[in-house]
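This report describes selected features of one protein model with its ligand. The sequence and structure are shown first.

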Amino acid sequence: VYTEAADIYDVIYRPLRDYEGTSRRIADLVRARRPRAATLLDVGCGTGLHLEALRSSFACEGLDIEPAMVERARARCPGVPVHVMSMDRIDLPSTFDVVACLFSSIAYVRTVDRMRETVARMAGHLAPGGVVLVEPWFSPESFWTDTITANHAEDGPDLKVSWMYTSERRGDLSVLDIHYMVGTPRGVDILRETHELGLFTDAQYRDALADQGLEVHHLRDDVWRRGLYVGWRPDA
Ligand SMILES: C[S@@+](CC[C@H](N)C(=O)[O-])C[C@H]1O[C@@H](n2cnc3c(N)ncnc32)[C@H](O)[C@@H]1O
């Protein structure tokens, strides 16, 4: 997914997400406990919208499985290393004070085993006293099915995007069948993508973090509307 939609990602998601506000909250949360935290890895970084906001607070790196997204993140954040890599196979030479997986990217691994492996890899790249942050997708209890969602976004006069999707459930997978209409003065293109995201329970997220020896907290408020799991490595 996101191969063709990489071009329209920012138009669609910028209005739906407060990238600066979430990034400020991350810096505040980390610095409240670890004032000297200096480095951050953004896992499933997409087009680099968080990296752009976080790079004033941390020396950042990012990774994403989709080369088209990585290309955009690199262009947006010159000097920030951004790797083409799957989150359940993270293998980097450095460790980081913060390893974050934001805006539900983790659910794209689909299965509990791969989510647990992702959390293990994230924890494996933590510096002593570091923190793993995981912003989850919906749980099996909170995901609504049999809905139709429609949205519209514009970027200036020459790019207009309308998109609709149904929400279905197949076992512990949520399936979004997304149809985009992308309009420019040259014409209207139609794209279709099926997004499959794993529905993991609160206990599954907590266990995945706790089993890495992390001290687990959970936040939910106006900024973290889907919640935020915070896993501190206690050995600072
Ligand atoms: C909803 S987007 C979020 C992107 C970014 N974190 C943001 O907040 O804008 C999900 C991202 O996860 C990436 N992704 C999906 N599966 C992945 C995997 N196995 N490893 C790394 N990235 C993955 C997608 O390519 C996409 O960029």
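## Ligand contacts

In this predicted model, an N or O atom in the side chain of Asp-64 lies 2.6 Å from an oxygen atom of the ligand. Tyr-9 also places a polar side-chain atom 2.7 Å from a ligand oxygen atom. At Ile-65 the backbone is involved: one of its polar atoms is 3.2 Å from a nitrogen atom of the ligand. The ligand on its own has 600 Å² of accessible area, and the protein covers 96% of this.

## The surrounding shell

The ligand is surrounded by 18 residues. Tyr-9, Tyr-19, Gly-44, Asp-64 and Met-87 are the closest of them. By residue class, the shell consists of 11 nonpolar, five polar and two charged residues.

## Arg-72 and helix H4

Helix H4 spans residues 67-76 and includes Arg-72. The relative accessibility of Arg-72 is 25%, so this residue counts as partly exposed; the partly exposed class lies between the buried limit of under 20% and the exposed limit of over 50%. Arg-72 and Thr-47 are separated by 25 residues in sequence, while their C-alpha atoms are 5.1 Å apart in space.

## A nonpolar surface patch

Three residues, Met-181, Val-188 and Ile-190, make up a nonpolar patch on the surface. Together they present about 320 Å² of accessible area.

Val-188 belongs to strand E9, which runs over residues 187-198. Val-188 counts as exposed because its relative accessibility is 56%, and the exposed class begins at over 50%.

Methods. Residues numbered from 1 in each chain as written. Predicted model: local features only at pLDDT ≥ 70, side-chain atom pairs only at ≥ 80, totals over all residues. Heavy atoms only, no water. Patch = residues over 30% accessible without salt bridge, like charges linked within 9 Å, V, L, I, M, F, W, Y side chains within 5 Å. Areas by Shrake-Rupley, 256 points an atom, 1.4 Å probe, with all protein chains shown as cover. Salt bridge = Lys/Arg side-chain N within 4 Å of Asp/Glu carboxyl O. Helix = DSSP H or I, 4+ residues; strand = E, 2+ residues; numbered from the N terminus. Buried < 20%, exposed > 50% of the residue type's maximum accessible area, 1.4 Å probe, protein only. Near = heavy atom within 4 Å. Polar contact = N/O pair within 3.5 Å; in protein donor to acceptor, adjacent residues only side chain to side chain. Nonpolar A, V, L, I, M, F, W, Y, C, P; charged D, E, K, R; others polar.
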